[in-house]
Amino acid sequence: MLQKKKTLLTCLVFFLAICFVGGLFPAKRTSSVTQHYIQQNEPDVFEKLAKQKTGIYFFYFPECPWCKEILPVLKKEALAKKVSINLINIHAISYSDADKQQLKKIIKTTGNGDEIIVPFIVAIDPQQNIRGQIGLISPAIQHGRANLIKEKVDQLLRVTY
């Protein structure tokens with residue numbers, strides 16, 4: 001009886017191993033292309049900003065409804081246009097008080113007040129011109145939001161690159 005249980009357990013473990021390796025239950029994979037163009041919570045992001053490194057910097061938090069609306073469009077268009085974007089989750093454990101102070105300084109420098117409001121997008125073009133904006137379209141706009149967001153993302157990427 002004990003031998004049957006060991007054999008059955010061994011077969012079950014073997015089957016599950018084959019399923020995961022073989023792709024029946026594939027592990028979530030991120031392509032190297034995605035990793036190249038989309039950086040998430042990189043520790044040197046504020047250093048890049050201080051050096052005015054060309055790129056798009058998207059400050060958000062996962063529960064933000066406007067962030068959730070913009071982020072998939074931004075990712076898709078960045079990949080299609082082979083544009084690098086930096087995603088910074090301001091609720092991440094790695095987001096420090098020093099980061100918060102640096103972000104407030106950037107917000108103020110770009111003429112967007114002195115409070116952290118997301119989504120906040122910083123665009124730095126090759127001439128090191130910095131633009132910052134809160135969101136892409138007004139939350140009051142109800143109709144045609146998806147198309148407007150795509151247009152604004154395209155415009156943002158064109159101006160930056």
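Which strand does strand 2 (residues 55-60) pair with, and in what sense? Strand 2 pairs with strand 4 in the antiparallel sense, over 5 bridges. Two strands count as paired if DSSP finds at least two bridges between them. Helices (H or I, at least four residues) and strands (E, at least two) are DSSP runs, numbered from the N terminus.

This is a predicted model, in which local features need pLDDT of at least 70 and side-chain atom pairs count only at pLDDT 80 or more, while totals for chains, interfaces and linings use all residues. Residues are numbered from 1 along each chain as its sequence is written, and side-chain values use heavy atoms, with hydrogens and water left out.

**Stop 1: strand 4.** Select residues 120-124. Buried means under 20% relative accessible area, exposed over 50%, and partly exposed in between (1.4 Å probe, protein chains only). Because 5 of the 5 residues of strand 4 are buried, the strand is largely enclosed by the rest of the structure. Phe-120, Val-122 and Ile-124 lie on one side, with Ile-121 and Ala-123 on the other.

**Stop 2: strand 5.** Select residues 130-134, which pair with strand 4 in the antiparallel sense over 5 bridges. Ile-124 has Ile-130 as its bridge partner. The hairpin of these two strands has 5 residues between them, and there Gln-128 takes a positive phi near 65°.

**Stop 3: helix 4.** Select residues 65-81. The helix has 17 residues and reaches 25 Å from its first C-alpha to its last, close to the 24 Å expected at 1.5 Å a residue. That expected span is 1.5 Å times one less than the number of residues. Its buried residues include Cys-67, Ile-70, Leu-71 and Leu-74. An α-helix has 3.6 residues a turn, so residues three or four places apart point the same way. The buried residues of helix 4 pack against strand 2, strand 3 (85-89) and helix 6 (145-160). Just after the helix, Lys-82 takes a positive phi of about 55°.

**Stop 4: the core.** A nonpolar core is a set of buried Ala, Val, Leu, Ile, Met, Phe, Trp, Tyr and Cys residues joined through side-chain atoms within 4.5 Å. The largest has 37 residues, and Phe-46, Tyr-57 and Leu-103 are among those with the most contacts inside it. Finally, select Leu-103. Leaving aside neighbours within four places in sequence, Leu-103 is in contact (heavy atoms within 4.5 Å) with residues including Phe-46, Phe-59 and Phe-120.
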